[in-house]
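Here are some friendly notes to read beside the model. Please keep the sequence and the 3D view open as you go through the points.

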Amino acid sequence: ERGYNEEEIRQILAFLERAMRLPAELEEQYEQILEEVRRQRGGDLISSIERKGLRRGLLRGYRRGMRRGMQRGMQRGLEEGRQQGLQQGLQRGLQQAIVKTLQGLYGEPSEQLIQELSQVKDTSQLLELMEVALHAGSLAKFHQHLRTVLAEQGANT
């Protein structure tokens with residue numbers, strides 16, 4: 001429609017097919033469109049040999065794109081997993097430090113207190129609970145503060 005001759009159209013199509021990678025279902029639509037344009041113009045824009053070569057190139061490009069996408073997804077997943085693992089490790093470490101502090105200052109905490117403490121996941125709340133553990137004066141006072149934190153946590157979710 002813009003006045004390009006067949007060789008120019010062939011070069012444009014070859015460039016586009018190298019530049020864009022189509023999944024199989026879109027490649028079929030593309031082939032149908034090319035066939036329709038060929039019928040309307042009355043010429044053979046691309047020979048079958050060229051079309052097969054282009055199709056192989058498209059498939060290679062599609063596979064290469066899929067591989068890159070999978071690699072990027074795996075890298076992103078690993079990074080997110082690493083961050084999540086670090087966060088969980090910090091939470092567990094703080095929880096254990098609080099239990100050790102309570103043991104050292106006030107005696108053995110109950111299983112219920114330890115179980116409730118394990119429900120606190122927020123690092124800032126755990127740091128606050130560490131401070132409370134140091135100054136509570138007893139396991140009962142610490143446990144009371146812990147329940148207040150859990151109640152607030154439950155109200156916020």
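1. A definition to begin with: helices (DSSP runs of H or I, at least four residues) and strands (DSSP runs of E, at least two) are numbered from the N terminus.

2. A word on where the values come from. This is a predicted model, in which local features need pLDDT of at least 70 and side-chain atom pairs count only at pLDDT 80 or more, while totals for chains, interfaces and linings use all residues. Residues are numbered from 1 along each chain as its sequence is written, and side-chain values use heavy atoms, with hydrogens and water left out.

3. Now the overall plan. The chain has six helices and zero strands, so from the N terminus on its elements read α-α-α-α-α-α. Of its 157 residues, 27% count as buried (under 20% relative accessible area; exposed is over 50% and partly exposed lies in between, with a 1.4 Å probe and protein chains only). Taking contacts (heavy atoms within 4.5 Å) with a separation of 6 or more, 69% join residues 24 or more positions apart.

4. Which residues touch the most other members of the largest nonpolar core? Such a core is a set of buried Ala, Val, Leu, Ile, Met, Phe, Trp, Tyr and Cys residues joined through side-chain atoms within 4.5 Å. Of the 18 residues here, the answer is Ile-98, Leu-102, Leu-117, Val-120, Leu-129, Phe-142 and Leu-146. At least two residues of this core come from each of helix H3 (48-106), helix H4 (111-117), helix H5 (123-135) and helix H6 (139-156). A second, separate core has five residues, including Ile-9, Leu-13, Leu-22 and Leu-34. As a general background, nonpolar side chains tend to be buried together in soluble globular proteins.

5. Leaving out residues up to four places away in sequence, Leu-146 touches Leu-113, Glu-116, Leu-117, Val-120 and Leu-129.

6. Gln-91 sits in helix H3 and is buried, with a relative accessible area of 13%. Apart from neighbours within four places in sequence, Gln-91 is in contact with Lys-121 and Leu-126.

7. How many salt bridges are there? With the rule of a side-chain nitrogen of Lys or Arg within 4 Å of a carboxyl oxygen of Asp or Glu, the count is two. In one, the closest N and O atoms of Glu-79 and Arg-82 are 2.9 Å apart; both residues lie in helix H3, three residues apart, about one turn of the helix. In the other, Arg-147 pairs with Glu-116 at 3.4 Å between the closest N and O atoms. Arg-147 lies in helix H6 and Glu-116 in helix H4, so the pair ties together parts that are 31 residues apart in sequence. Arg-147 is partly exposed, at 42% relative accessible area, whereas Glu-116 is buried, at 9%.
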